[in-house]
Protein chains: 2
Amino acid sequence: MPRVTSADIARAAGVSRTTVSYVLNDTPGASVSDATRQRIHAAAERLGYAPSAAARALRRGRSDLVVAVLPDWPVGPVVEGLLDHLTDALAARGLFVLVHHHRDSRALADLWRAVTPLAVVGLAPFAPDDARAMTRAGIRVVGAVEPADAAGTGDFDASQRGIGALQAGHLAAAGHTRIGYVTTDDPRLGRFAEARLAGLRAACAERGMAEPATVAVRTGEPATAAVRSLSGAGVTAVAAYNDEVALAVLAGAREAGVPVPSRLAVIGVDDSPGARVAAPPLTTVAQPVARQAEHLATEVLAALDGRDAPPWPDDGARVVVRASA
Amino acid sequence: MPRVTSADIARAAGVSRTTVSYVLNDTPGASVSDATRQRIHAAAERLGYAPSAAARALRRGRSDLVVAVLPDWPVGPVVEGLLDHLTDALAARGLFVLVHHHRDSRALADLWRAVTPLAVVGLAPFAPDDARAMTRAGIRVVGAVEPADAAGTGDFDASQRGIGALQAGHLAAAGHTRIGYVTTDDPRLGRFAEARLAGLRAACAERGMAEPATVAVRTGEPATAAVRSLSGAGVTAVAAYNDEVALAVLAGAREAGVPVPSRLAVIGVDDSPGARVAAPPLTTVAQPVARQAEHLATEVLAALDGRDAPPWPDDGARVVVRASA
DNA sequence: CTGAAAGCGCTTACAG
DNA sequence: CTGAAAGCGCTTACAG
């Protein structure tokens, strides 16, 4: 079954391909009689015409695709919400958002070559080489690029550090002086975990508190050993890398017989759906997802129009206080 | 900055575009001297050449893209794992998987027209019209299509019903005779929820048990009212639509002072990461995600090669017994 | 108001 | 062993 092309529609409607294109694209300034328009639409409908995306992109010199690159770990509802927002915002401009789960640079390079999207939006930072290659190929790159120095100088890291600082602030305000940091054993999370820890550490130092003790746990199972060792070391409050980790800590405390929050306070990050139904309900840091998505959409649009992007919004992350801390 | 094309590479390497294409694509049977190959690769590298995906797709008559369509709700780690598997399996054939969060048929239609992927894989069933239109446009459609009759006759529904039956079986074996079904208030889940309930209902009827009482709750908050009403009606065990709902039921039981599992047993679906760290640890039904992903990949490949797809694998869903039921 | 024609960048049968 | 040329399906400046 051969492909239905605009030539077929033209033939069926008794007009030229030019006219078909004008009508189907609603080209402004094209004056085509209503009767002709009707015939063309009818023919397209009848034959099930779908224009070739490839031909269109080739001719136009650009596609309508935006690829959102996610990190290679379960993103959770927060990021999913962000993607939904982004999709809507860009759809209003005729752009389509497709999501790619990033595994390694090799796969990413293969992907953008195979797709040549209009823009690539990174929800996790890109390696500098990747970003450069994409830009060179005319693809707009939106989102953080890993800084060359490990210190982390960009907006991205600043925002992550702010999260750690918020956790420390809440815990310190409640009178805790010995804080522990619990992260996951998943190496892919390293970059986020490090940045959040750096913020936590700095905030502790500022207040003259001890350096936070750090331990990695596996999410999805009770972090019993971690709770025992932290608790034994005199830690009275845990800042967790995220809610998933915090849930593991809660379960570990239950197993170890350490009451929360009286003997051990716990604070997570994300305000994920599980936080409110945890036992006890989990205190956590919520990020302003809608605003961040809005900003990413704005950045994409700015990049397309050749405008400068506005600066990353002042964070607006905030502590959601529940029972666990 | 104009686009770098294969003509630029040809010029830089002092050969024809034909030779460039042969070398860069490793076309079998093309005998090009090693020295020439070197020069071409070097030139491509130096100029940062990325072939135009649009031109290539237009010429070849097919793209390398496979779009995985997810339902418009948070999919959770189980489906994410499935997607990872699928991506890997298809990458081995040079195919790229991109994910689209399906909102409505309109958006889906816009999308496949804008992308014209090789295949579309549905993780939730397609409306018959959507499936037909895509097939007509030469796109391979893989995954379930909503049956016209509400009863649900396909593999998809059978597998969902099996999940409900498994829950009922486990609960009945533990001596429960009055089972309640708790689903979410999210209308988008309707199809899955209905199918699972149908399986539960049938299994109860088979055993001569009462029709399960049904109630919808909002996930992410304690389902206290639901627990009270179910418990008050003599229900001793709850089959939840999924783990998220089960977690809400657990929290509701805590608030209502109903001990789990002694006064109310709870069983979920998904074996999500939160299940094991819940209080008490959640009994749930695990689906064989890896095998399902494998199957979807096989189906896509079969569709591309024009072979018949093997039947959907016998389910292999199983109950993971923990403390809650 | 409508059509013939060029050209986007690639691959590949064909000729040398 | 290598190159000139056709053609994938579209859009759009141009001519009528």
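Which residues of α6(B) meet which residues of α7(B)? On the α6(B) side we have Ser105(B), Leu108(B), Ala109(B) and Trp112(B), and they meet Asp130(B), Ala133(B) and Met134(B) in α7(B). Contact here is C-beta atoms, placed from the backbone, within 7 Å.

Quick housekeeping. This is a predicted model, where local features need pLDDT of at least 70, side-chain atom pairs count only at pLDDT 80 or more, and totals for chains, interfaces and linings use all residues. Residues are numbered from 1 along each chain as its sequence is written, while chains are lettered from A and ligands numbered from 1 in the order in which they are written.

Okay, back to that helix pair. The axes of α6 (105-115) and α7 (128-136) of chain B come within 11 Å and cross at roughly 10°. Axes are lines fitted to C-alpha atoms, for helices over the stretch in contact, and angles run from 0 to 180 degrees between N-to-C directions. That makes α6(B) roughly parallel to α7(B). The cut-offs: under 35 degrees is roughly parallel, over 145 roughly antiparallel, 65 to 115 roughly perpendicular, and the rest oblique. By class, this contact has 5 nonpolar, 1 polar and 1 charged residues. Nonpolar covers Ala, Val, Leu, Ile, Met, Phe, Trp, Tyr, Cys and Pro; charged is Asp, Glu, Lys and Arg; the others, Gly among them, are polar.

Now a second pair in chain B. Helix α10 (224-232) packs against α11(B) at an angle of about 75°, with the axes 7 Å apart. α10(B) and α11(B) are therefore roughly perpendicular to each other. From α10(B) the contact uses Thr224(B), Ala226(B), Val227(B) and Arg228(B), and from α11(B) it uses Val249(B), Gly252(B), Ala253(B), Glu255(B) and Ala256(B). That splits into 5 nonpolar, 2 polar and 2 charged.

Zooming out to the two chains: chain A and chain B put 50 residues each into their contact. On the chain B side, the elements giving at least two residues are α4, β1 (65-70), α5 (76-91), β2 (96-101), α6, α7, α11 (243-256) and α12 (273-276). That side of chain B has 29 nonpolar, 11 polar and 10 charged residues.

A residue is near a strand if its C-beta atom, placed from the backbone, lies within 6 Å of it. There are 29 residues around DNA strand D, and Thr5(A), Ser6(A), Ala55(A), Ser16(B) and Ser31(B) come nearest. Two or more residues come from each of α1 (6-13), α2 (17-25) and α4 (53-60) of chain A, and from α2 (17-25) and α4 (53-60) of chain B. The classes there are 9 nonpolar, 13 polar and 7 charged. Around DNA strand C there are 28 residues, with Ser16(A), Ser31(A), Thr5(B), Ser6(B) and Ala55(B) closest.

Over to chain A. The domain assignment, which is automatic or from a database, gives domain 1 (6-51), domain 2 (62-151 + 291-315) and domain 3 (155-287). The centres of domains 1 and 3 of chain A, taken over C-alpha atoms, are separated by 61 Å.

Chain A also has an open, mixed sheet of 6 strands, in the order β6-β5-β7-β8-β9-β10. Strands count as paired if DSSP finds at least two bridges between them. The edges are β6 (213-217) and β10 (318-320), each pairing on one side only, and the twist averages 25° from one strand to the next. β7 (237-240) and β8 (265-269) of chain A pair in the parallel sense over 3 bridges, with Ala237(A) partnered by Ala265(A). Val260(A) and Pro261(A) are joined by a cis peptide bond with omega about 5°, and Pro261(A) lies in the loop between α11 and β8 of chain A. Asp270(A), a residue other than glycine, has a positive phi near 130°.

Methods: Helix = DSSP H or I, 4+ residues; strand = E, 2+ residues; numbered from the N terminus.
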